Amino acid sequence: MTTSTATIARPTRRRGINWEKWGWIYMRVSGVILVVLIFGHLFTNLMTGEGIKAIDFAFVGGKLSDPFWQWWDVAMLWLALIHGANGMRTIVNDYVSSRSVNLALKWALLVSTVLLIVLGTLVVFTFDPCPVVAPGSEHLLASFCGAL
Amino acid sequence: MSTAMATAAVDSAPTELQAFTVTLIIRRFDPEVDEEPRWQDFDVELYGTDRVLDALHKIKWEQDGSLAFRRSCAHGICGSDAMRINGRNRLACKTLIKDLDISQPIYVEAIKGLPLEKDLIVDMEPFFESFRQVQPFLQASSKPKDGKERKQSVEQRERFDDTTKCILCAACTSSCPVFWTDGQYFGPAAIVNAHRFIFDSRDDAAQVRLDILNDKEGVWRCRTTFNCTDACPRGIQVTQAIAEVKQAIMRGKP
């Protein structure tokens, strides 16, 4: 018998992106960023200025016309939705053993997440509190639109 | 000296030790008779200093010889008698009756997530299979200096000291909710034993083990529920060991 050390062959693992690893890292990183974004959001909405009384259509319209808050809200939307959907995906993986139900639930998660992200992003960047309306329909607009 | 001790034991026995009746409800399963496992209760006379294993012995020896369970050393070293006692994974030989609430029946069942064979005995093969997959043996490719031995400092030994304590009882792996639903997951015990060699300064195959555990069914399935740390009869910080392996994978080296 030879004295060389026996080594079990290096296991073959398919190459490519390791999604489970990046998913895990994403949860940690987005979690930390979301703490800042969400508490910043709550603080400016509820604590500064007049506090909760200030929140109305004009307040939201004003915020969504400021690029800073547009990007803040979009970042929050994307990070939170993907974070939540990935969390739900892991729960489905952990607790749904039926293959078809598992797959159906994950597709439902994907579709609803993509839909909400697309719609949310669209609203944040295209929202116009005072759109151009046909003559005679001005009474449908918010009260502050006349001043603009 | 032995006489003195014997006298002391006799003197104190009537005052300190008092037997009481404890009800055990055991999940029985005989594959030749039963379609499904069934619960059966036994009343046993026990002392507070007795262990759950003593109760099982009394049942097997005095009441029902067909009760099947594993045990070898009966002193918390061999890791044969891990079972679910009142819903928690414990070694029967390390669980004292006085630490349980005996006003209620004590529920004893086999550990979960592994195929049930009979009564409290499960098929441990899937557990040992994932243990084997992490290559739990020292692999040193370098020649030791002076042709004698591989020296290790106290700090280097300390690095993996906690995970050397594992006795492979499967209490941690069978307490893991991810393992219950996904038998492919390596499970805490395999990761603990990989940790023991990954952080060993004499071992050269850490990269191979990190690669194995960086799999879809590897460390990333851990949800940090701490069930394993709670279940470990040796007090190993299992969840921390898994977290250290995760960090080593991200660093790309131990």
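Two strands are taken to pair if DSSP finds at least two bridges between them. In this predicted model, five strands of chain B form an open sheet on that basis. Their order is β2-β1-β5-β3-β4, and the pairing is mixed. Strands β2 (38–46) and β4 (88–91) of chain B are the edge strands, each pairing on one side only. From one strand to the next, the twist averages 35°.

Strand β3 (residues 82–85) of chain B pairs with β4(B) in the antiparallel sense, over four bridges. Here B:A82 stands opposite B:L91 in β4(B). Helix α2 (residues 52–63) of chain B lies across β1 (20–28), β2, β3 and β5 (106–109) of that chain. The helix runs at about 100° to β2(B).

Over all chains, the structure holds eight aromatic pairs. One of them joins A:F57 and A:F127. The ring centres are 6.1 Å apart and the planes lie at 75°, so this pair is edge-to-face. It links distant parts of the chain: A:F57 belongs to helix α2 (residues 57–64) of chain A, and A:F127 to the segment after α4 (99–126) of chain A, 70 residues apart. A:F57 is partly exposed, at 47% relative accessibility. A:F127 is partly exposed too, at 30%.

The rings of A:F68 and A:W69 are also edge-to-face, with centres 5.1 Å apart and planes at 80°. A:F68 is partly exposed at 49% relative accessibility, whereas A:W69 is buried at 14%. Ring pairs link A:F68, A:W69 and A:W72 into a cluster.

Charged groups also sit over rings in chain B. The charged end of B:K112 lies over the ring of B:W180, 3.9 Å from its centre. That of B:R159 sits over the ring of B:F199, 4.0 Å from its centre.

Key:
Residues numbered from 1 in each chain as written. Chains lettered and ligands numbered in written order. Predicted model: local features only at pLDDT ≥ 70, side-chain atom pairs only at ≥ 80, totals over all residues. Heavy atoms only, no water. Helix = DSSP H or I, 4+ residues; strand = E, 2+ residues; numbered from the N terminus. Axes fitted to C-alpha atoms, helices over the stretch in contact; angles between N-to-C directions. Contact = heavy atoms within 4.5 Å. Phe/Tyr/Trp six-rings, centres within 6.5 Å; stacked < 30°, edge-to-face > 60°. Buried < 20%, exposed > 50% of the residue type's maximum accessible area, 1.4 Å probe, protein only. Lys NZ or Arg CZ within 6 Å of the ring centre and 35° of its normal.
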